[in-house]
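Let's walk through this model together, moving from its overall make-up to a few of its side chains. Keep the structure open beside the text as you read.

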Amino acid sequence: MNETQGYSAEYAALNHEIYSLTKQLEAKEKELKEKQKTDVYDPFSNPSEYHWYNDDYSEILPWITMPEFSVPYEPAKVEKNALRKYYNIGGFTFLFQFLASNVLALLLISGIQLILGKLNPDAASGAIEHYMRGGAIFVSINLIIYLAANVGFAFIGLKWAKIKPSFMLNTRDYSFSDAVVHCLAGLFIWICAGVLSQGIDNIFSQYGFSTDVDMDYGNTGLGFAIMTIYSCIIAPLTEEIMFRGALMKIFSKADRRFAIFISAVFFGLAHGNIPQFMLAFLIGIFFGHIDMKHNSIIPSIIVHIFINSMVTVMSLLEEHDIALGLYSLALIAGAVIGLILLIIFRVKNKLPMATPAQRLRGISVAKTSVGCIIAVVIHVGYMALNIIATKQ
């Protein structure tokens, strides 16, 4: 080998070494950038959240995917506007569901009353209304309306927010034992809410008002059967699709804790009276928690069906004192076990907490959302009118 060939070999070896080092540096630089890159599914670095439930935050801040970018503590105007868009969608979806269900109810009731009046020209309007209320007509109308309104507007809201409904069934780590724990814990919450509601009703009654719910309909066999199907199956299914399926997901873009509470508030307001508001709000928080934990609406549907079925069985036993007493004792025993299970559940599974930055993107932005404001005002007004109408 001559001297020139020796230099060429050393030069080639040097080039290879330089190339190898360059590749290593590029790999290290890429690795460093990936570490510095914000996780779009956990942009607030919140360990208390169930991250599988979170959405891609780049839908709110597209430039979050840029290297070394982090979400600022205070949201800029563009970020607030993006969040407010989703809060408006949630508020208006809830509002439109309320308006559509009431308009549809009015049309159906008026139409059926007109038909019955034509078929029975000698019947008084009061007698026709009594017939509709006491039979299967009112409960059938109720079933049809809320089946259409809850499911229809839930899917409209999700479509509007560009969220795929399939997320509602992506269940994680859910077993039969979980269902039992949730049902008994829910039973405890239901009984506590019932006691609280009764106390509130007693306060209102001292001033001549009543918060009692008028349930004097569906007294025939067919009417009761339809009402049972609605209460124990249709209502739990459609309400969970609407409130935990659509609304909680729409409101969960930045603050999952806020989403649980606002969906529970809307769930309570949807019932139109204080006793059911208290029950729906308190149990709604629990529903939101277990659904977020398991990334599915199936857990809340099962508990919802269980609680409504317990209420239905109790209504069947109202005229049987001994059976009702034994049933009540069984419920109390189940509630005591439920309290213990609820404490264990909450120790192991905390409600998602919000970081300071998330709180500035939750209620702080939602209270400036036109859709949320109008929805809350109308529902609170409707509830107040229902109470005022009971003034004795």
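A word we will need throughout is "buried": a residue is buried under 20% relative accessible area, exposed over 50%, and partly exposed in between, using a 1.4 Å probe and protein chains only. Please keep in mind that this is a predicted model, in which local features need pLDDT of at least 70 and side-chain atom pairs count only at pLDDT 80 or more, while totals for chains, interfaces and linings use all residues. Residues are numbered from 1 along each chain as its sequence is written, and side-chain values use heavy atoms, with hydrogens and water left out.

The protein chain has 13 helices and zero strands, where helices (H or I, at least four residues) and strands (E, at least two) are DSSP runs numbered from the N terminus. Of its 392 residues, 44% are buried. Contact here means heavy atoms within 4.5 Å. Among contacts in the protein chain with a separation of 6 or more, 78% join residues 24 or more positions apart.

Now for the aromatic side chains. Rings of Phe, Tyr and Trp (its six-membered ring) pair if their centres lie within 6.5 Å; planes under 30 degrees apart count as stacked, over 60 as edge-to-face and the rest as tilted. Searching the whole structure gives 13 aromatic pairs. In one of them, the ring centres of Phe94 and Phe243 are 5.9 Å apart and the planes meet at 70°, so this pair is edge-to-face. It connects distant parts of the chain, with Phe94 in helix α2 (residues 77–119) and Phe243 in helix α6 (residues 221–250), 149 residues apart. Phe94 and Phe243 are both buried. Phe243 also pairs with Phe267 in a tilted arrangement, at 5.2 Å centre to centre and 55° between the planes. A single aromatic cluster takes in Tyr87, Phe94, Phe243, Phe251, Phe258, Phe266 and Phe267.

Because 22 of its 30 residues are buried, α6 is largely enclosed by the rest of the structure.

What surrounds these rings? A nonpolar core is a set of buried Ala, Val, Leu, Ile, Met, Phe, Trp, Tyr and Cys residues joined through side-chain atoms within 4.5 Å. The largest has 77 residues, and Tyr57, Tyr87, Phe251, Phe266 and Phe286 have the most contacts inside it. Helix α8 (residues 274–294) gives the most to this core, with eleven residues. Leaving out residues up to four places away in sequence, Phe266 touches Gly90, Gly91, Phe94, Phe243, Leu247, Phe251 and Val376.

Finally, visit Val151 in helix α4 (residues 137–160). Val151 has 23% relative accessibility and therefore counts as partly exposed. Beyond its neighbours within four places in sequence, Val151 is in contact with Tyr146, Thr238 and Ile241.
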